[in-house]
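Colleague: I am new to this protein and would be grateful for a guided introduction. May I put some questions to you while we look at the structure together?

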Amino acid sequence: MIKFGTGGFRAVIGEDFTKENIQILSKALCDKMKKEGVENTGMVIGYDRRFLSKEAMQWAAMVFAAEGIHTKLINKSVPTPLVMFYVMKHDYQYGMMITASHNPAIYNGVKVFTYGGRDADEKQTMEIEQFINEVTDLPVNEMDYQKALEAGLIEEIYPLNEYLDSIIAAVDMEAIREAGLRVALDPMYGVSETSIKTVLMTARCEVETIHERHDTLFGGKLPAPTADTLRALQNYVLDRKCDMGIATDGDADRIGVIDEKGNFLHPNDILVLLYYYLMKYKGWHGPVVRNICTTHMLDRVAESFGEKCYEVPVGFKHISAKMYATDAVIGGESSGGLTVRGHIKGKDGVYASALLVEMLAVTGKKLSAIMEEIHAQYGKLALEERDYRFSQEKKEAIQKHLLEEKKLPEIPYEVEQISYLDGVKLYLKNGGWISVRFSGTEPLLRIFCEMPEAEDAKQLCEIFEDYLLLKK
Ligand SMILES: O=P(O)(O)OC[C@H]1O[C@H](O)[C@H](O)[C@@H](O)[C@@H]1O
């Protein structure tokens with residue numbers, strides 16, 4: 001079965017991530033393009049370093065070729081944001097990336113991009129799913145890869161330079177050059193090394209890399225930058241006395257950061273840091289966009305500059321749509337993705353890295369010092385994040401009880417507002433909040449809670465945990 005979630009189609013390799021399904025999905029996209037009369041605009045496809053990613057890109061291209069649609073294939077593994085950039089820059093109607101992003105190694109998947117280099121929104125993915133239903137029982141034609149190359153229907157490209165040049169043009173390379181910074185980089189066995197290293201070394205940073213080899217098992221870890229997965233980077237930053245450690249997820253759209261003291265900075269902190277930096281030190285103006293599970297510290301920063309913070313459901317497509325509608329300075333999610341006005345419409349770990357390094361150079365301050373500056377001005381909020389596995393039965397029960405009948409536990413805080421925009425979210429009078437929702441990318445229920453005190457955030461999660469009988 002091919003089903004699109006928060007971030008594209010993802011499936012276990014050999015289960016639903018198969019040659020057959022990749023070709024069905026591709027044929028469905030061909031049919032959609034033909035119905036819309038945009039088949040002449042062509043297709044561009046990239047791939048990451050996962051098992052079968054390159055093959056899947058070729059399987060897809062062989063279908064596009066059989067349907068007479070010209071396809072550019074990026075012939076080396078690249079960051080997802082590079083493909084989004086290419087779709088935007090060259091006015092493609094559609095693009096694809098073979099990746100399962102930060103999911104475990106047994107997964108692979110397909111992200112579909114639409115005009116402007118955006119993540120396909122729900123309307124688009126539902127339409128693709130409808131076309132898939134029509135294709136499923138029919139044989140899908142494919143053209144021999146070599147023949148398609150010779151016929152010019154498939155063209156191999158490697159547009160790394162134009163992507164990196166756009167980042168180099170957007171950051172203050174001169175300031176970074178003068179700062180003489182040392183950066184530790186952890187691509188988590190994924191695709192960011194060449195891009196981040198090239199940008200930072202062009203600005204004369206010293207870059208020291210770990211976990212750079214190609215390992216489709218991601219060293220046995222999840223290729224997602226978290227406090228748990230970045231322990232090696234933390235030690236490395238301290239050992240090598242680096243100014244900062246940067247990590248990216250499997251396809252380099254998400255970022256993780258370690259400060260010069262070896263502390264893991266939560267993606268929430270990175271967002272707050274960059275918004276604050278752009279507003280205060282670079283003199284930018286404008287609102288900020290976050291999803292419902294992202295820190296309300298952004299609201300405080302926005303308010304202090306007389307700006308608004310907009311809230312959207314989880315999924316970067318919602319962030320980019322709102323950023324476009326409000327001309328926001330920055331938009332991002334607590335899961336680790338962000339983008340900035342003027343750059344691509346999707347999250348970009350390579351660009352975010354360059355901007356963070358620029359921030360150190362321009363402010364002349366250590367990461368921990370900027371964070372302290374922010375805490376001194378806006379106070380602190382503590383986030384508690386919990387994930388739970390569930391049976392189908394349990395899922396249905398929670399769905400019915402919590403989201404349809406809208407029943408909630410008693411809590412020892414005054415509730416200001418309740419929203420069912422994405423799962424359920426309670427906004428508390430003390431500035432805290434708790435959200436319960438089903439993940440759109442993994443079979444998990446997520447409870448996120450942010451409170452002025454860490455203990456209270458834990459306790460509130462436990463109240464919901466007990467109420468929903470989630471304790472293992
Ligand atoms: O909480 P989930 O539905 O699993 O989503 C978590 C994240 O997954 C993907 O990376 C999406 O691109 C993000 O927009 C989303 O924040």
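**Questions on a predicted model**

Modeller: Over residues 162-262 the chain is 35% helix and 18% strand, and the C-alpha atoms at the ends of this stretch are 34 Å apart. Please bear in mind that the model is predicted.

Colleague: Which annotation in the UniProt record covers residues 162-262?

Modeller: The record, an unreviewed entry, lists residues 162-262 together with residues 2-135 and 267-377. Over residues 267-377 the chain is 54% helix and 14% strand, with end C-alpha atoms 19 Å apart. The name that UniProt gives to these ranges is "domain: Alpha-D-phosphohexomutase alpha/beta/alpha".

Colleague: What are the helix and strand percentages over residues 422-464?

Modeller: For residues 422-464, UniProt lists "domain: Alpha-D-phosphohexomutase C-terminal", again from an unreviewed entry. The end C-alpha atoms of this range are 17 Å apart. Its composition is 26% helix and 42% strand.

Colleague: How many helices and strands does the protein have, and does its radius of gyration agree or disagree with that of a compact globule?

Modeller: The protein has 16 helices and 22 strands. Its C-alpha atoms fill a box of roughly 65 × 60 × 40 Å along the principal axes. A compact globule of 472 residues would have a radius of gyration near 23 Å, and the protein has 22 Å, so the two values agree.

Colleague: What percentage of contacts between residues at least 6 apart in sequence join residues at least 24 apart?

Modeller: Buried residues make up 51% of the 472 residues. Among the contacts between residues at least 6 apart in sequence, the share that joins residues at least 24 apart is 70%.

Colleague: How many residues of domain 3 are in contact with domain 2?

Modeller: The protein is divided into domain 1 (4-158), domain 2 (163-378) and domain 3 (382-467). The C-alpha centres of domain 2 and domain 3 lie 27 Å apart. Nine residues of domain 2 take part in the contact, and the number from domain 3 is 11.

Colleague: On the side of domain 2 that touches domain 3, how many residues are nonpolar, polar and charged?

Modeller: Domain 2 contributes nine residues to this contact. They divide into four nonpolar, five polar and no charged.

Colleague: Which residues does valine 357 touch, leaving aside those up to four places away in sequence?

Modeller: The largest nonpolar core has 149 residues. Val357 is listed with Leu274 and Tyr275 as having the most contacts inside that core. Beyond its sequence neighbours, valine 357 touches Ile176, Leu181, Val183, Leu200, Cys205 and Met244.

Colleague: Which elements are included in what covers the buried residues of helix H3?

Modeller: Helix H3 (residues 80-89) is mostly covered, with nine of its 10 residues buried. The buried residues include Leu82, Phe85 and Met88, and H3 is followed by aspartate 91, whose phi is positive, near 55°. The cover includes strand E3 (43-47), strand E4 (71-74), E5, E6, helix H6 (160-170) and helix H13 (349-363).

Colleague: Which residue follows helix H12 and has a positive phi?

Modeller: The buried residues of H12 (residues 316-326) are Phe316, Lys317, His318, Ile319, Ser320 and Met323. What covers them includes strand E7 (118-119), strand E14 (288-291), strand E15 (309-312), strand E16 (330-333) and strand E17 (337-340). The residue after H12, with phi near 55°, is aspartate 327.

Colleague: Is serine 101 buried or exposed?

Modeller: Serine 101 sits in the loop between strand E5 (94-98) and strand E6 (107-114). Its phi is near 50°, a positive value in a residue other than glycine. Because serine 101 has 27 C-beta neighbours inside 10 Å, and 20 or more are required, it counts as buried.

Colleague: How many other C-beta atoms lie within 10 Å of methionine 188?

Modeller: Methionine 188 lies in the loop between strand E9 (182-186) and helix H8 (193-202). It has a positive phi of about 55° although it is not a glycine. Methionine 188 is buried, and the number of other C-beta atoms within 10 Å is 30.

Colleague: Which residues does glycine 219 touch, not counting those up to four places away in sequence?

Modeller: Glycine 219 is in the loop between strand E10 (206-209) and helix H9 (231-239), and with 15 C-beta neighbours inside 10 Å it counts as partly exposed. Its C-alpha atom is separated by 7.5 Å from that of tyrosine 189, 30 residues apart along the chain. The residues that glycine 219 touches are Tyr189 and His211.

Note on methods: Residues are numbered from 1 along each chain as its sequence is written. This is a predicted model: local features need pLDDT of at least 70, side-chain atom pairs count only at pLDDT 80 or more; totals for chains, interfaces and linings use all residues. UniProt positions are given in the numbering used here, feature names are shortened, and annotations may be inferred rather than shown by experiment. Helices (H or I, at least four residues) and strands (E, at least two) are DSSP runs, numbered from the N terminus. Domain bounds come from an automatic or database domain assignment. Two residues are in contact if their C-beta atoms, placed from the backbone, lie within 7 Å. Ala, Val, Leu, Ile, Met, Phe, Trp, Tyr, Cys and Pro count as nonpolar, Asp, Glu, Lys and Arg as charged, and the others, Gly among them, as polar. A nonpolar core is a set of buried Ala, Val, Leu, Ile, Met, Phe, Trp, Tyr and Cys residues joined through C-beta atoms within 7 Å. A residue is buried if 20 or more other C-beta atoms lie within 10 Å of its own, exposed if 12 or fewer, and partly exposed in between; C-beta atoms are placed from the backbone. The radius of gyration is taken over C-alpha atoms; the globule rule is 2.2 Å times the number of residues to the power 0.38.
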